[in-house]
Amino acid sequence: MYRVCFVCTGNICRSPMAEAVFRAQVRDAGLDGLVEVDSAGTGGWHLGEPADPRTAAVLEGAGYPLTHVARQFEPEWFERYDLVVALDEGHAAELRALARNSGEAAKVRLLRSYDPDADPDDLDVPDPYYGGWQGFTACLEMVEAAVPGLLSEVAAALDVREAG
């Protein structure tokens, strides 16, 4: 089993969106049962809450199902994940600071680093929370552009595990 956790600030906008899109693409690639996908926040502001209604609406409109309850990433969770995918540089820095060793810190990656067309000097997925619908739509577009590259890396890692 390969385990991926997406992380944003409050776990109600960007990370659940990435979770839903990646889960759908994992399923479509026939990797269901081989890849576990979830999400968390760097903070606990929205613990136990569902995804932001705008996130849910944008995902639903694009055909992505989502059942979600916000939670906060805990340092000991690094042990269970193969990859911890941050939605912006601030999240990545917070996660690396939580890591208890260099191996855990190395599991942290930026989602947009998997988008071959992304500007390498601007890999953040902007927080849509304080904006309008267009921010949530733009967030989904950025997630959808990056997920195929991430899926390729995970599929390659699974091939190596199965061959080894």
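Guide: Start with E19, in helix α1. The model is a predicted one.

Visitor: Why is E19 called buried?

Guide: Its relative accessibility is 6%. Buried means under 20%, so E19 counts as buried.

Visitor: What does E19 touch, leaving out residues up to four places away in sequence?

Guide: E19 touches F6, V37, D38, S39 and H68. Contact here means heavy atoms within 4.5 Å.

Visitor: F6 is on that list. What makes F6 and F22 an edge-to-face pair?

Guide: First, a search of the whole structure finds five aromatic pairs. In the pair of F6 and F22, the ring centres are 5.6 Å apart. Pairing needs centres within 6.5 Å. The planes stand at 70 degrees, so the pair is edge-to-face; the cut-off for that label is over 60.

Visitor: Which parts of the chain does this pair link?

Guide: Distant ones. F6 lies in strand β1, residues 2-8, and F22 in helix α1, residues 14-28. They are 16 residues apart. F6 is buried, and F22 is buried too.

Visitor: Why are F73 and F78 called edge-to-face?

Guide: Their ring centres are 5.0 Å apart and their planes are at 70 degrees, so this pair is edge-to-face. Both F73 and F78 are buried. Ring pairs also link F73, W77, F78 and Y81 into a cluster.

Visitor: How do you know that the charged end of R54 sits over the ring of Y129?

Guide: The charged end of R54 is 5.6 Å from the ring centre of Y129. The distance limit is 6 Å. The label also needs a position within 35 degrees of the ring normal. R54 is counted as sitting over the ring.

Visitor: Back to β1. What makes β1 mostly covered?

Guide: Six of its seven residues are buried.

Visitor: How do you know that β1 pairs with β2?

Guide: Seven bridges join β1 to β2, residues 35-41. Pairing needs at least two bridges. The two strands run parallel. C5 stands opposite D38 in β2. The chain crosses from β1 through α1 to β2, and this β-α-β crossover is right-handed.

Visitor: How many bridges join β1 to β3?

Guide: Four bridges join β1 to β3, residues 83-86, and these strands run parallel. F6 stands opposite V85 in β3. V7 stands opposite A86.

Visitor: What makes both faces of β3 covered?

Guide: L83 and V85 are buried on one side, V84 and A86 on the other. Three bridges also join β3 to β4, residues 108-110, running parallel. In that pairing, A86 stands opposite L110.

Visitor: Are C13 and C139 buried or exposed?

Guide: C13 has 3% relative accessibility, so it counts as buried. C139 has 2%, so C139 counts as buried as well. The cut-off is under 20%.

Note on methods:
Residues numbered from 1 in each chain as written. Predicted model: local features only at pLDDT ≥ 70, side-chain atom pairs only at ≥ 80, totals over all residues. Heavy atoms only, no water. Phe/Tyr/Trp six-rings, centres within 6.5 Å; stacked < 30°, edge-to-face > 60°. Buried < 20%, exposed > 50% of the residue type's maximum accessible area, 1.4 Å probe, protein only. Right-handed = clockwise from strand over helix to strand, strands pointing away.
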